[in-house]
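The entries follow the order in which I looked things up.

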Amino acid sequence: MRHAVFLRFFLPTALAMLTFIALPIVSVLVQSVYAPHERVVVEVENCTPFGCTKSTVIDQEATRKLQEERPLGRFVGGDIYADRSHLAFGEIGQAWRGAETWADFGRRVMTLPFYKALAFTLTYMLFVTPLSIMLGFCVALAVNALPRMLRGPTIFFSLLPMIVTPLVGALILFWMVDSRGIIGSAVQWLAGDDDLSLKASTPLTWIMLIVYGTWSTAPFAFVVYYAGLQTVPQDTLESAMLDGATRWHRIRYIVLPHLLPLTTFMFLIKIMDNFRVFEPIVSFNAGAHAQSLSYFIYSDLAGETRLLSSAAATSVLTVAGVLVLLSPVLVRTWRQFGKA
Amino acid sequence: MTISARRRPATLNLLIGICLIAWLLLAIFPFVWTLWGSFKVEGDFFSKAGWQNALSGPLTQLEYGASFTGAGYHGAWVKEEFWRAVLNSLVVVVCVVVVSLTFGTLGGYALSRSTYRYAFWLLIVALVFRAMPPITLVSGYLLPFYRLNLWGHLPTAIIVLVAINQPFTLWMLTAFFKNIPKDLDESARVDGCTQFQAFRHVIIPVMWPGVITTGLFSFLLAYNDFVVTAMLLSKQNQTMIPKIASFLGTTQTEGNVMFAVASVVSVTAPLFLLVMFFQRQIVSGLTAGAVKG
């Protein structure tokens, strides 16, 4: 296909992606180095027959004029990145000097909102990704052993947790783990503690979110593995059986290696998806105990006063995180295809 | 597999059976529970006395004279005007699917037929874009959209969702078009068609299976979206998912959480039908990229 023709076909999608994905990233970068204007304050003297008092008032006119002249705000460079709610270099340095042990240092760092959000996001990603892939694999093996007739309905029901809207699925689970809901009261009964609330403790909230994440992403792993299992070479399996390989040996040495490329693919996709975990935190109303990077940005944007600069700085840091996560893939692709 | 099936010991069969039943319960039970509970009053669905009340519904009986009531649905759909959100969602979803498939088929076809290396790199760029969390993009939209007076309108949310959806659509459709033999449109070119005519008369008639599969995923993205629609739409243009989220904020205090339960069921029902009718396409779409790549 010639370049000109290619361009004509590709132009609509290229324009859409440039305007609404590439430009916003630039816009976020720009916003993150500007802070809102400070209000212009003037001192006025109020004189009454009993004497004069001085007071300061906001000069609305001048403030508006300043805003119109420089709509982005005042340039502050990297200040927003360095402040307490982002990278907090000052506080980290203090914690480093003041802390006696590593645990103490960790505790101090975890009081900083950005690091708390980062810690939750990474924990969620590191637990949910392997757990959901393992669960999906087990379900796929089990479904594969079913008679053909039963497979269709099983697949239908297994797909539901993944297809359902994330916010809605998380809400459904949240209502069940409510202390007056069925799972919540079951847990209370098991623990023998009538006042136990899963929502009130930070570790339990994290566990709940991870359980939700595994529940909602396992079906994807299941479907992909199930399709992969249909392509395992049957003659290899049969010759292994003739050689006396047990069931476990066959899974370990034939099925798993055959599914390895699928597994790397799924890890890549799921790491990208789990890094942006957001909706379950809204549904579980868990902002007080668990914040992800996405939720951190959302709470800046959704507040009464929209903290655009702060949200922009967090966004830039999040995008940087995504690029770090993707970098092994990008480097490998570059090595394989870039120079060839 | 016939040999191994015959030889499988009974204990293993039992184990597989138990595992599967446990998984299926885990997958279905929450939905059944919520559907059942949506016809109760709050005091039964969130029962202080015991979970059995959610099944039998004594308080519902006391209040409405029957163990089932449609009060939650009436409250959500009529009093809180959930139907308005449903209409908005319908507009957004239909437009997003149509526009993103139009853009996607053109772009994906071009990528699949180009022999130059930049086609490959464009796909890699799309992959990077696919990995961007939508909320980071939203924080980039707000300021310009306020300035340009674009904030709050349905078309804005539609075009943003189309753009966010493009990387995925491109990947799926490119993979799909690569499976359509090149000879097909090349012979049309030899017969004197332009590239566009070849696309129009030769490719479009045979592309529907792939387009339907991709369209299903575009549908799900637009239908399930919360981030973009919650941040970019004004109150009267709200779609279903942000509407449910707003129920939680306002009605939980009034004791009308059942509105949210009823609307959650209303949102989930169409998705059930979708999976029921298009299970094959969804499964093939999920595995297309994975098994071949």
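Entry 1, B:Glu81. The scale I used calls a residue buried if 20 or more other C-beta atoms, placed from the backbone, lie within 10 Å of its own, exposed if 12 or fewer, and partly exposed in between. B:Glu81 is not a glycine, yet I found a positive phi of about 55° there. I located B:Glu81 in the loop between α6 and α7 (82-113) of chain B.

I am working from a predicted model, in which local features need pLDDT of at least 70, side-chain atom pairs count only at pLDDT 80 or more, and totals for chains, interfaces and linings use all residues. Residues are numbered from 1 along each chain as its sequence is written, while chains are lettered from A and ligands numbered from 1 in the order in which they are written.

I noted a positive phi of about 50° at A:Ala88, which is not a glycine either. A:Ala88 sits in the loop between α3 (79-82) and α4 (89-98) of chain A. Is A:Ala88 buried or exposed? I counted A:Ala88 as buried, because 20 other C-beta atoms lie within 10 Å.

Entry 4, chain A overall. I listed 15 helices and four strands in chain A; helices (H or I, at least four residues) and strands (E, at least two) are DSSP runs, numbered from the N terminus. The radius of gyration of chain A is 27 Å, well over the 20 Å that the globule rule gives for 340 residues, so chain A is more spread out than a compact globule. That radius is taken over C-alpha atoms, and the rule is 2.2 Å times the number of residues to the power 0.38. The C-alpha trace spans about 110 × 70 × 45 Å along its principal axes. Of the 340 residues in chain A, 36% are buried.

I checked the length: at 1.5 Å a residue its 28 residues should span 40 Å, and the end C-alpha atoms are 39 Å apart, which agrees. The expected span is 1.5 Å times one less than the number of residues. α10(A) bends by about 35° at A:Thr217, with a proline, A:Pro219, following within four residues. The bend is the angle between axes fitted to the seven residues ending at a residue and the seven starting there. I found 20 of the 28 residues of α10(A) buried, so the helix is mostly covered.

I found 77 residues of chain A in contact with 73 residues of chain B, contact being C-beta atoms, placed from the backbone, within 7 Å. Helix α1 (residues 3-31) of chain A supplies the largest share of the chain A side, 16 residues. That side divides into 56 nonpolar, 15 polar and six charged residues. Ala, Val, Leu, Ile, Met, Phe, Trp, Tyr, Cys and Pro count as nonpolar, Asp, Glu, Lys and Arg as charged, and the others, Gly among them, as polar.

I noted domain 1 (43-77) and domain 2 (80-292) in chain B, with bounds from an automatic or database domain assignment. Their C-alpha centres lie 38 Å apart.

Conventions:
Two residues are in contact if their C-beta atoms, placed from the backbone, lie within 7 Å.
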